[in-house]
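Subject: Handover of a structure for your review

Dear colleague,

Please find below the structure that I am handing over to you. My notes on it follow directly after.

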Amino acid sequence: MPMPHHKKGEPENMRKLLTLALGSIGVVYGDIGTSPLYAFREALRPVAVDGVSRIEIIGLISLMIWTLTIIVTLKYVLFLLRADNNGEGGTLSLLALLMKFSTDKTGWLFFFGIAGAALFIGDAIIAPALSVLSAVEGLKLVTPALTDYVVPISVVILLLLFTVQSRGTEAVSKFFGPIMAAWFLVLALAGLSHIADDYGILAAFNPYYAVYFLLHAGFVGFIVLGAVFLTVTGAEALYADLGHFGRRPIQWAWICFVFPALALNYLGQGALVLKHPEAMSDPFYLMFPEWALLPVVLLATCATIIASQAVITGAFSLTRQAIHLGFLPRMAIFHTSETQTGQIYLPNVNVLLMFGVMLLVFLFESSESLATAYGISVTGAMLVDTVLAFVFVRLRWRWPLYAACAVLLPLAFLETIFLGANLLKIHDGGYVPVLIAAAIIIVMWTWRRGTKILHDKTRHTDIPLASFVKSIERKSEHAPVSVPGTAIFLTSDPESTPAALLHNIKHNHVLHQQNFILTIRTANTPIVSKDHRVTASSLSERFSLLEMNFGYMETQNVSQALGLFRKTGLKFDIMSTSFYLGRRKLVPDAQSGMPHWQDRLFIALANAAIDPSDYFRLPTNRVVELGSHVII
């Protein structure tokens with residue numbers, strides 16, 4: 001008897017699910033997977049001054065396990081992964097979706113969105129430095145003679161990491177999943193081998209001990225919360241990488257493999273310290289026998305490099321989204337894979353991240369010092385996600401107010417407490433992520449504000465396109481000379497006559513046989529299907545309007561998209577087509593509406609932006625640029 005048809009695909013679907021789950025372990029969980037290197041050690045420091053009691057150690061481990069349960073499992077894995085924008089996740093994806101639905105809240109939504117993005121980039125600068133330093137510091141236990149070489153070795157590793165970004169991660173990423181799977185397996189086995197040191201540590205599964213610790217530790221307990229939050233660093237990557245792997249593989253990887261491995265390791269560290277209090281100095285590495293130290297240090301270093309790679313890639317993706325959504329000026333974006341559109345390289349961002357990471361390594365010199373700077377960016381980004389999620393469930397899922405408050409207000413309250421605990425570390429290095437985030441917010445706000453002022457100023461002097469076409473098509477002795485060929489004029493406002501078209505007629509006194517006014521739009525969705533990519537409409541015998549639509553996750557390749565106009569009856573011969581761009585020289589004006597420093601910053605950002613012909617992938621030998629001065 002033949003098997004039912006639907007059964008045939010089940011093994012294949014399961015294989016695909018497991019493959020994606022393994023890939024997500026390498027990319028999504030790299031950062032959170034390296035937290036056991038330093039999280040428990042840092043949480044012990046504030047309470048170890050006067051000696052740590054048995055119940056305090058159990059309470060700390062309980063706090064860590066329940067933080068992972070509430071923040072990662074409940075909030076991100078089971079809830080937020082369902083709040084997607086056509087399959088894409090992350091702060092800016094959620095912001096783009098909400099701005100499409102909401103018209104009266106765009107001001108504060110924009111602020112929250114750019115704050116979340118800025119905090120994520122701050123995390124991308126601190127995470128590689130902290131992770132690599134904490135892994136390499138294991139060499140001190142292998143032999144104390146290597147103590148002075150921790151910083152130089154970390155610098156070399158990080159330099160190599162940033163240097164290879166331009167080559168892409170496709171080849172190396174195939175090993176990410178298996179290496180991280182091996183890492184989590186080592187975490188689990190190390191934890192299991194030490195739980196027998198003191199089975200009393202299993203009481204940490206009872207949240208009573210977490211609450212007891214907080215109620216009896218007083219102000220010290222509040223300080224400890226800042227270190228406890230290190231256990232969930234990287235949790236926001238779950239949401240940001242949703243589009244790369246899909247919801248189910250990420251959920252399976254967490255529930256079946258990653259979370260059990262982390263919980264076992266923290267329980268093992270706690271049991272070790274209960275039996276050997278002297279292990280508090282470095283409970284992670286002291287779990288291993290001396291012969292295993294060097295292999296574990298090497299594996300930990302590989303794991304931290306992979307974690308750093310995931311954070312850097314996330315920063316590239318987020319920056320591309322910000323550019324396409326109009327939050328940042330255009331930058332050079334290179335694809336490093338022929339098959340994976342998500343694998344990109346932004347040289348400007350790479351250089352900034354590299355200098356930021358190197359500066360932190362030289363300033364703080366140890367993971368212990370740098371851990372104090374960590375946490376603020378992560379807690380801030382998570383709180384932003386919760387606020388945006390509240391708006392999402394109200395607008396998109398149509399939840400009643402009481403339901404949204406019942407689910408999300410306790411999360412927001414918990415994350416606010418964690419943020420407050422981390423803010424106590426401002427003077428010890430916590431100012432670093434705050435300064436980084438503040439600088440990025442100012443840049444994004446200035447770019448958004450400046451482009452709006454620029455648009456408003458130029459619009460006053462613009463000539464309506466319909467009136468211009470009507471006047472130019474009238475036969476008169478002053479009409480420009482008609483020349484063979486096709487001209488495409490790029491503009492952001494299809495209702496106004498492009499400045500390049502006016503300058504071409506004014507200075508060259510010519511008009512092509514066919515003229516197309518092209519507007520390129522970025523949709524609030526990650527990808528636009530080819531069926532909806534292009535539209536065309538005729539204005540007159542010689543003038544037509546063209547529109548191209550791209551998702552904010554896509555490369556805006558105009559040359560390639562022109563071929564799609566064949567379905568509308570238009571065929572472009574690139575060798576007889578000229579692309580006209582308007583280039584503006586911006587001049588600062590005290591009356592522009594922005595302070596003088598912000599004027600200068602906006603002009604500097606505009607000058608640093610990549611040439612539009614490169615950004616839109618136009619054929620370089622067919623581009624004509626015509627300039628004008630604009631006072632802003």
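In these notes a residue is called buried when its relative accessible area is under 20%, exposed when that area is over 50%, and partly exposed in between. Please bear in mind that the model is predicted.

I begin with helix α10, which spans residues 207–217 and has A210, F213 and A217 as its buried residues. These cover an arc of only 60° around the axis, and they therefore lie on the same side of α10. The face turned away from that buried side carries L215 and H216, both of them exposed. As for what the buried residues of α10 pack against, the partners are α4 (54–79) and α11 (219–228).

Both ends of this helix deserve a remark. The N-terminal end of α10 is capped by N206, which places a side-chain oxygen 2.9 Å from the backbone nitrogen of Y208. Just after α10 comes G218, with a positive phi of about 65°.

Y212 also lies in helix α10. Its relative accessibility is 26%, so Y212 counts as partly exposed, since that value falls between the cut-offs of 20% and 50%. The C-alpha atom of Y212 is separated by 8.7 Å from that of I55, although the two residues are 157 apart along the chain.

Leaving aside residues up to four places away in sequence, T69 touches L74 and F259.

The pair α5 and α18

Helix α5 (residues 91–101) packs with helix α18 (residues 376–395) at an angle of about 35°, and their axes are 10 Å apart. The crossing in which α5 passes α18 is left-handed. On the α5 side, the residues that take part are T91, L94, L97, L98 and F101; they meet V384, D385, L388, A389, V391, F392 and L395 in α18.

N350 in helix α16

Helix α16 covers residues 347–364 and contains N350. Is this residue buried or exposed? N350 has a relative accessible area of 5% and is therefore buried, that value being under 20%. Not counting residues up to four places away in sequence, the residues that N350 touches are F162, Q165, I312, F316 and Y345.

Helix α21

In helix α21 (residues 465–472), the residues L465, F468, V469 and I472 are buried. Their arc around the axis is only 95°, which puts them on the same side of α21. A466 and K470 are exposed on the other side of this helix. The elements that cover the buried residues of α21 include α22 (499–508), β4 (510–522) and β6 (543–550).

Two arginines with positive phi

R398 has a positive phi near 60° and is not a glycine. Its place is in the loop between α18 and α19 (401–423). R398 has a relative accessible area of 65% and is therefore exposed, as that value is over 50%.

R617 likewise is not a glycine, yet its phi is positive, at about 55°. This residue is found in the loop between α25 (612–615) and β8 (623–631). At 28% relative accessibility, R617 counts as partly exposed.

Cysteines

How many disulfides does the structure hold? The number is 0. With regard to individual cysteines, C302 is partly exposed, with a relative accessible area of 34%. C405 counts as partly exposed too, at 24% relative accessibility.

With kind regards

Notes:
Residues are numbered from 1 along each chain as its sequence is written. This is a predicted model: local features need pLDDT of at least 70, side-chain atom pairs count only at pLDDT 80 or more; totals for chains, interfaces and linings use all residues. Side-chain values use heavy atoms; hydrogens and water are left out. Buried means under 20% relative accessible area, exposed over 50%, partly exposed in between (1.4 Å probe, protein chains only). Helices (H or I, at least four residues) and strands (E, at least two) are DSSP runs, numbered from the N terminus. The arc is that of the directions from the helix axis to the C-beta atoms. Contact means heavy atoms within 4.5 Å. A polar contact is a pair of N or O atoms within 3.5 Å; within protein, one must be able to donate a hydrogen and the other to accept it, and residues adjacent in sequence count only if both atoms are side-chain atoms. A disulfide is a pair of cysteine sulfur atoms within 2.5 Å. Axes are lines fitted to C-alpha atoms, for helices over the stretch in contact, and angles run from 0 to 180 degrees between N-to-C directions. A crossing is left-handed if the near helix is turned anticlockwise from the far one by less than a right angle, and right-handed if clockwise.
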